[in-house]
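Please read the following explanation with the model open beside it.

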Amino acid sequence: MNADRALSRRGFAAGLLWLGLGGARALAQGFAGLGGEAAGFAAVTPGRKFMFPDDFGAHPDFRIEWWYVTANLRDADGVAYGVQWTLFRQAMAPGPQREGWDNQQVWMGHAAVTSAATHRFAETFARGGVGQAGVIAAPFEAWIDAWRMAALPPLSNAAFAPLRLQAAGEGFGYDLRLDAERPLVLQGEGGYSRKSERGQASYYYSQPYFTATGHITLDGRTVAVSGPAWLDREWSSQPLAADQTGWDWLSLHLDGGDKVMLFRLRQADGGHYFAGNWIGSDGRSVALASNAIAMTPLGFTEVAGRRVPTQWRVAVASRGLAVDAAPLNPRSFMATSFPYWEGPIVVHGSHDGVGYLEMTGYRDAG
Amino acid sequence: MLKVVNLSKSYRSAQETVHVLRGVGFAVAPGESVALTGESGSGKSTLLHLIAGLDEADGGEVWVEGACVTGLPDARRAALRCTRLGLIFQQFNLVPSLSVADNLAFQARLAGRSDPAWLGELSARLGLDALMKRYPEQLSGGQQQRLAIGRALAVKPALLLADEPTGNLDEATADEVVHLLRDLVARSGCGLLMVTHSTRLAAMLDRRLHLSGGGLT
Amino acid sequence: MRRALWVLAVLLSHWRRHPLQLATLLVGLIAATALWSGVQALNQQARLSYDRAAALFGGARTAMLIDPAHATFTQAAFVALRRAGWPVSPVLEGRVEVGGRSLRLIGVEPVTLPPETAAGPAVGRDDLHAFVAPPGRTLAAPETLRDLGLTAGATPRIDQSAELPPLQPQPHLAPGVLVVDIGVAQRVLGKPGQVSRLLVGNTTRSARELPESVAGTRLRWVAPDSETDLARLTDSFHLNLTAFGLLSFLVGLFIVNSAIGLAFEQRRSTLRTLRACGVSARLLNVVVVIELVSIALVGGLVGLVCGYVIAAALLPDVAASLRGLYGARLPGTLSLRPQWWFAGIAMSVLGALAAAGASLIRMARLPLLAAAQPDAWRRAQRRWLLRQGALAAVMLIAAVGVLIFGDSLLAGFAVLAALLLAAALALPVALDGALQLAARGARGALPAWFWADSRQQLPGLSLALMALLLALAVNVGVGTMVRSFSVTFARWLDGRLAADIYVSAANDTQAIEIRRWLAARTDIDAVLPGARTEIRIGGAPVEITGVADHATYRDNWPLLRATADGWDRLHQGDAAFVSEQLSRRLHLDVGDRLRISGGWSVDVVGVYADYGNPKGQIAVGVDALSRHFPETPQTRFGLRVAPEHLAGVMAALREAFHLDARQLADQATVKAESKRIFNRTFAVTAALNTFTLGVAGVALLTSLLTLSGSRLPQLAPLWAIGLTRRRLAAIELMKTMVVAFVTALLALPLGLLVAWCLIAVVNVKAFGWRLPFQVFPAQLLELLGIAMLAALLATLWPVFKLARMQPATLIRIFANER
């Protein structure tokens with residue numbers, strides 16, 4: 001059977017790719033074919049007022065949206081693990097939501113557990129309208145198949161906590177409780193996150209202060225773990241510039257309590273668009289100037305036939321940040337229908353800390 | 001050239017054991033033609049077959065060109081037959097599906113030493129020139145036997161073994177064939193051992209051995 | 001190496017001088033390979049399409065969940081299972097009529113579809129959106145589009161209200177299948193929120209972990225089956241074909257055997273000369289095998305091409321048979337895999353080696369020095385006959401043993417094979433006996449010689465005669481079975497098709513209108529409502545047909561056995577008739593009790609014949625059926641109409657309700673259609689039959705050619721003592737015809753035995769029904785005549801050669817006694 005041609009999940013993913021639903025945050029990629037018009041979908045404009053719990057839920061008028069959690073965990077012996085939980089939504093067509101199978105939403109879930117030696121992941125797909133996947137704002141629940149992220153009442157609307165996070169796939173599984181005291185953080189300028197000089201943008205908020213506790217299972221072994229976790233919520237209709245080929249994104253939990261989110265959008269002409277937010281230990285989120293950010297690849301890993309920069313030098317001059325980032329497992333590759341690299345990192349230098357790195361759009365090796 | 005030492009052979013049938021050869025010994029020198037005579041059933045053909053390696057002796061040795069050939073495996077005996085010996089039988093033993101030319105040449109080809117000049121000379125001497133495109137069944141008995149002689153000599157053997165080569169031929173033709181044999185043997189310098197029951201033909205050769213009661217007399 | 005080539009050249013020179021022999025050998029190889037590989041190609045083609053149909057959204061290749069009590073169940077069960085982590089995908093299946101043709105409509109959910117089940121359709125990346133988003137797409141095989149007379153993009157209307165999404169050709173799809181998105185299927189089939197089954201993708205979880213009830217539905221886990229439903233249903237048909245292919249293969253090998261045997265005999269002196277000239281025994285053996293394999297390769301290749309042609313020629317009939325018998329759809333063009341070619345060549349080479357086995361062994365043991373031929377042919381022949389007879393007895397015992405203890409289709413064919421082999425082996429013994437008997441009654445020198453010489457000829461001819469015997473016996477057997485079936489089938493059709501007009505309304509509403517319309521007419525004698533639904537018993541589909549309480553059925557229903565009050569009990573609603581197939585499969589008989597569904601059990605009060613139906617069937621009162629299965633459409637009914645009103649009623653019905661040929665048919669048309677399907681079913685059998693007989697004729701010819709050369713020494717003395725060549729030829733002709741005639745006579749009872757085996761063992765196992773056994777003397781005489789004609793044709797040429805033989809050739813026998 002020709003897998004590429006089969007009407008299958010793979011074929012579906014190929015379809016998604018065409019539709020622009022690419023996987024990972026990297027939906028924001030030009031190669032996903034979404035450089036074009038967003039006619040009929042709601043537009044992203046500055047100055048939006050976020051409302052909770054409403055904005056926990058889905059925004060079906062926008063073309064794409066995701067609920068994204070990463071966690072840097074340790075067990076009682078100090079062994080490091082990473083956990084990823086992602087739910088993507090994509091609308092195939094604009095307009096009022098249709099009932100049942102006619103519903104135009106398509107959902108995709110990714111989940112992974114990473115250790116220094118092992119990286120296990122899974123993906124799943126669902127169509128909206130019948131209940132296989134969806135998001136309810138209150139009482140909050142986001143699910144696809146048996147993977148779910150749901151409120152553990154009573155839920156604090158300000159902190160979006162506590163939550164229960166569950167997923168399982170071949171060779172891995174986890175069941176975590178996410179707690180946070182501090183309120184949610186709006187990224188970009190008050191939640192308006194610019195993706196290029198030409199106005200492409202998304203709505204973007206995070207909860208970088210989660211503490212995750214619970215159990216993970218890796219290749220049949222279950223261990224109790226805890227550590228910092230980070231939630232991203234983002235939605236948009238046309239987040240990309242046509243010439244953007246991929247991105248490198250990272251989130252950092254610095255030992256001093258500061259949180260940093262940085263990304264670099266690579267352009268076809270070799271240039272880069274930098275953006276990021278510094279979230280101080282006081283909870284204030286400040287957008288960083290594009291020219292204040294430096295991200296330089298230091299080392300590469302050949303994985304899945306691609307050459308991926310898994311070691312970085314990261315600097316934010318205005319904040320005195322100059323660190324080297326190294327992956328917990330350089331082979332943390334998500335060989336899903338839409339493939340990308342995503343895994344936990346450790347940083348050393350001016351600051352020490354942990355975080356998550358995501359890189360998309362790296363094609364063939366060399 | 002050929003040396004036979006103390007060769008013995010017996011056949012076992014249901015009733016009795018027949019000792020065909022009891023310690024036969026003789027030699028044939030290069031260029032020498034020897035007739036082997038004896039009564040029917042005296043073991044002439046058996047002796048010839050043993051020398052040719054077509055059959056295995058019970059005891060004794062056969063030396064061809066200074067090498068002992070008794071006890072060799074079939075493939076080695078076959079190689080020896082192919083390259084060093086020429087065999088001529090009473091029934092001509094031609095390949096019916098090959099033309100005269102191919103019959104004449106094929107043993108030499110098998111031996112890997114086909115010599116066109118020598119084949120040409122042989123076919124001329126044997127009077128086969130006009131018949132080269134025919135098939136054996138289109139030849140007379142004498143022509144067939146001349147062809148068999150040619151095939152045997154084409155390989156330039158060290159020793160020619162002939163088993164009643166004239167048995168199917170009339171007297172005049174037989175004389176002619178034996179003359180030809182003797183001349184060609186003399187010319188190529190190989191030895192000839194010819195089984196015949198005809199004393200007249202035997203007298204045409206250099207020497208005569210008579211087999212009787214399992215031994216030479 | 002060069003030496004081997006020279007030896008090969010010498011060996012091959014034989015064929016140049018005997019091209020006819022080479023032709024014979026090749027004909028044997030080609031015949032063997034062609035028929036075998038032709039049949040294999042057909043089987044392969046069929047299996048391929050079953051696999052396609054089966055792998056398509058979980059025929060049987062994927063584990064699935066069904067609701068054993070209902071045809072469909074709520075898709076909430078799908079969502080519940082997904083949310084419990086089960087990799088399930090919903091499928092809704094139904095039948096739709098497009099342009100008067102009934103097609104399978106499969107609704108799938110492409111996003112959750114397990115990749116391993118999606119063997120058929122290919123939706124490119126551009127197509128997925130189009131497939132799931134309104135208006136969607138209807139995927140169909142190009143053959144289906146052709147059948148429907150529609151082109152890509154058309155939106156076929158399936159009834160007054162619904163329309164399918166635009167058609168899109170999909171080459172990998174099974175014919176007769178339409179694939180749409182599940183949402184489309186739910187709308188078109190009028191089953192919103194319903195699914196027929198859930199496919200289970202690869203999972204480490206097992207059936208035991210399944211909750212007892214999912215969304216209020218008790219689901220049953222159906223384990224994946226390596227064999228598809230269609231494959232199982234059609235197994236017998238393919239086994240049938242294979243058996244014929246194998247028979248042809250063996251008959252072809254008879255030819256190869258005799259041709260190689262002859263070549264060996266004629267080349268004996270050449271082989272000796274080669275050995276004398278210094279070719280070792282091993283080299284010679286190797287070269288002989290190489291020669292044989294090369295010839296087998298050539299024959300095999302040509303045979304494969306012929307096989308392809310045969311398969312292509314038979315494919316339409318095979319396809320029609322499979323469609324008529326099992327509803328299995330085959331694409332109209334052959335597509336062959338490389339394995340087919342390799343297998344065919346391998347069969348040819350192995351067959352040639354097997355057929356040449358005896359000759360090869362004899363050659364390997366060939367004494368270098370010519371030994372005097374023992375003159376004791378008579379003693380040798382007696383030993384040979386004894387051995388053949390003993391082997392025949394063993395095979396016969398084996399046949400009886402399998403018949404008694406075997407209980408499968410394969411056993412049925414094993415009985416047939418053992419029986420045929422036993423008969424073939426016993427043939428020379430029987431012929432020898434017959435000839436001996438004749439010789440005893442012979443007066444005069446020439447007749448005495450005639451019979452004695454015929455006996456001596458036996459070993460040389462026996463292989464060919466065996467081939468003739470087998471071919472003829474199988475012909476008689478299959479012919480008798482087909483005729484028996486034909487007669488029974490016609491009678492059964494009369495019983496089952498008792499109504500004069502058959503109406504199938506488009507839906508219940510129309511059905512009510514039609515019935516109201518009919519009630520108002522005076523030219524209708526009776527309206528016989530019928531209904532049909534399908535359930536699963538023991539995992540297999542079973543039809544339930546509702547029968548009206550009317551004398552038409554009581555008088556005509558083809559009951560094999562029933563209780564006296566069967567019909568009354570039936571209409572009380574607590575009893576049923578079961579079809580013969582179902583009765584055999586479930587070991588049910590009159591007096592047993594059968595649970596149809598949850599709360600409905602019935603007494604079996606009768607068993608009836610239901611030929612040609614691959615599914616089991618239960619007949620119940622039509623009222624009882626509607627009571628227990630209220631959703632069953634009430635759209636079918638039969639009408640009793642006097643012959644003089646038939647045409648008028650038909651026309652009026654067609655006029656009033658716009659019914660097409662599938663919805664409205666008179667008895668004669670339905671019967672004709674049924675018989676047409678039936679006839680095509682056996683067209684393949686008949687064609688293969690003819691081929692086999694032809695091959696047997698060639699075997700006879702080659703054997704005779706082989707013999708004619710070696711028999712000259714026997715004939716020459718007769719010529720010398722004053723018999724003319726013409727007379728000799730006449731004697732030879734007569735001798736062959738006598739043995740062929742005796743063989744053909746022996747083939748008749750054997751053939752009837754084969755027919756009995758087919759009817760009483762093979763058919764029962766294969767189809768589940770047993771026919772009354774009938775003998776058709778005229779058919780037997782006809783086959784006897786054909787056999788004699790084949791023998792005559794095969795004999796003519798060698799005899800003609802003898803008659804025209806140059807005296808010199810005969811003289812040479814004396815001059816050159818071998």
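Of the 217 residues of chain B, 47% count as buried, a residue being buried if 20 or more other C-beta atoms lie within 10 Å of its own, exposed if 12 or fewer, and partly exposed in between, with C-beta atoms placed from the backbone. This is a predicted model, in which local features need pLDDT of at least 70 and side-chain atom pairs count only at pLDDT 80 or more, whereas totals for chains, interfaces and linings use all residues. Residues are numbered from 1 along each chain as its sequence is written, while chains are lettered from A and ligands numbered from 1 in the order in which they are written.

Chain B holds seven helices and ten strands, where helices (H or I, at least four residues) and strands (E, at least two) are DSSP runs numbered from the N terminus. Two residues are in contact if their C-beta atoms, placed from the backbone, lie within 7 Å; among contacts in chain B between residues at least 6 apart in sequence, 73% join residues at least 24 apart.

Strands of a sheet pair through backbone hydrogen bonds, either parallel or antiparallel, and two strands are taken to pair here if DSSP finds at least two bridges between them. One open sheet of chain B has four strands in the order β2-β1-β4-β5, with antiparallel pairing. Because β2 (17-28) and β5 (67-68) of chain B stand at the edges with a single partner strand each, one side of each is left without a neighbour in the sheet. Eight bridges join β1 (residues 2-12) of chain B to β2(B) in the antiparallel sense, and B:Arg12 stands opposite B:Thr17 in β2(B).

Helix α1 (residues 44-52) of chain B packs on this sheet, where it touches β1, β2 and β4 (59-64) of chain B, and its direction makes about 120° with that of β1(B); such axes are lines fitted to C-alpha atoms, for helices over the stretch in contact, and angles run from 0 to 180 degrees between N-to-C directions.

The other sheet to follow is an open one of six strands, in the order β6-β7-β8-β3-β9-β10 (chain B), with mixed pairing. Its edge strands are β6 (85-88) and β10 (215-216) of chain B, each of which pairs on one side only. Within it, β3 (residues 33-38) and β9 (residues 207-212) of chain B run parallel and are joined by five bridges, with B:His210 in β9(B) as the bridge partner of B:Thr37.

α1(B) also lies across β3, β6, β7 (159-163), β8 (191-195) and β9 of chain B, running at about 150° to β7(B). Nine of the nine residues of α1(B) are buried, among them B:Lys44, B:His49 and B:Ile51, and just after this helix B:Gly53 takes a positive phi of about 75°.

Turning to the interface, 23 residues of chain B are in contact with 20 residues of chain C. The elements giving two or more residues to this side of chain B are α2 (74-84) and α3 (100-111) of chain B, and α2(B) gives the most, with seven residues.

Finally, confidence: chain C averages a pLDDT of 79, with 85% of the residues scoring at least 70, pLDDT being the predictor's confidence in each residue, from 0 to 100. Over residues 371-376 of chain C the pLDDT is below 50, and this stretch has zero contacts in the model beyond near neighbours in sequence. For the complex, the predictor gives an ipTM of 0.88 and a pTM of 0.58.
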